[in-house]
Amino acid sequence: MKLLLDTNVFLEILLEQERADEARTLLKKTSEHEFFLSDFSLHSIGLMLFRQKRHIAFEQFVKDMLLDAGVTLTGLFPEDMMAVTDAAQ
């Protein structure tokens with residue numbers, strides 16, 4: 001199944017929040033799912049980490065998730081928003 005992952009899935013892990021273990025479990029299911037991350041989410045994660053002066057953590061995130069683990073970075077165009085709305089409902 002193709003899954004567009006929310007920013008918060010990654011922030012749970014990066015910020016060691018309450019549901020970090022659940023997020024890790026989901027990300028380990030690479031044999032079951034094809035993961036996607038929007039460019040907006042990537043920028044949001046970067047902004048959050050930069051505000052905390054965690055620049056190296058952002059570099060490591062990009063390496064681990066996008067370069068090594070194969071999460072696909074995707075852009076969403078205005079015409080794609082209708083499908084996103086439909087899927088969310």
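Helix α1 (residues 7–14) packs against helix α3 (residues 39–51) at an angle of about 30 degrees, and their axes lie 9 Å apart. That angle makes α1 roughly parallel to α3. The model is a predicted one. Three strands also form an open parallel sheet, in the order β1-β2-β3.

**α1 with α3**

- The crossing of α1 past α3 is right-handed.
- From α1, the residues in contact are T7, F10, L11 and L14.
- From α3, they are S41, S44, I45, M48 and L49.
- Six residues of this contact of α1 with α3 are nonpolar, three are polar and none is charged.

**α3 with α4**

- Helix α4 covers residues 55–68 and packs with α3 at an angle of about 150 degrees.
- The axes of α3 and α4 are 8 Å apart.
- α3 is therefore roughly antiparallel to α4, since angles over 145 degrees count as such.
- α3 and α4 cross in a right-handed sense.
- On the α3 side, L42, I45, G46, L49 and F50 make the contact.
- On the α4 side, H55, A57, F58, F61, V62 and L66 make the contact.
- The contact of α3 with α4 holds nine nonpolar residues, two polar ones and no charged ones.
- I45 and L49 of α3 belong to the contact with α1, and I45 and L49 also belong to the contact with α4.

**α1 with α2**

- Helix α2 spans residues 20–27, and α1 packs with α2 at an angle of about 120 degrees.
- The axes of α1 and α2 are 8 Å apart.
- The two helices α1 and α2 are therefore oblique to each other.
- The crossing of α1 and α2 is left-handed.
- V9, F10, E12 and I13 of α1 meet A20, A23, R24, L26 and L27 of α2.
- This contact of α1 with α2 divides into seven nonpolar residues, no polar ones and two charged ones.
- F10 of α1 takes part in the contact with α2, and F10 also takes part in the contact with α3.

**Aromatic pairs**

- The model has two aromatic pairs.
- In one of them, F10 and F61, the ring centres are 5.2 Å apart.
- The planes of F10 and F61 stand at 75 degrees, so the pair is edge-to-face.
- F10 sits in helix α1 and F61 in helix α4, so the pair ties together parts that are 51 residues apart in sequence.
- F61 is also among the α4 residues that contact α3.

**The sheet**

- The open sheet runs in the order β1-β2-β3, with parallel pairing.
- β1 (2–4) and β3 (72–74) are at the edges, and each has a single partner strand, so one side of each is left without a neighbour in the sheet.
- From one strand to the next, the twist averages 30 degrees.
- Strand β2 takes in residues 34–38 and is joined to β1 by three bridges.
- β1 and β2 run parallel.
- L3 has F35 of β2 as its bridge partner.

Notes
Residues are numbered from 1 along each chain as its sequence is written. This is a predicted model: local features need pLDDT of at least 70, side-chain atom pairs count only at pLDDT 80 or more; totals for chains, interfaces and linings use all residues. Side-chain values use heavy atoms; hydrogens and water are left out. Two strands pair if DSSP finds at least two bridges between them. Helices (H or I, at least four residues) and strands (E, at least two) are DSSP runs, numbered from the N terminus. Axes are lines fitted to C-alpha atoms, for helices over the stretch in contact, and angles run from 0 to 180 degrees between N-to-C directions. Angles under 35 degrees count as roughly parallel, over 145 as roughly antiparallel, 65 to 115 as roughly perpendicular and the rest as oblique. A crossing is left-handed if the near helix is turned anticlockwise from the far one by less than a right angle, and right-handed if clockwise. Contact means heavy atoms within 4.5 Å. Ala, Val, Leu, Ile, Met, Phe, Trp, Tyr, Cys and Pro count as nonpolar, Asp, Glu, Lys and Arg as charged, and the others, Gly among them, as polar. Rings of Phe, Tyr and Trp (its six-membered ring) pair if their centres lie within 6.5 Å; planes under 30 degrees apart count as stacked, over 60 as edge-to-face and the rest as tilted.
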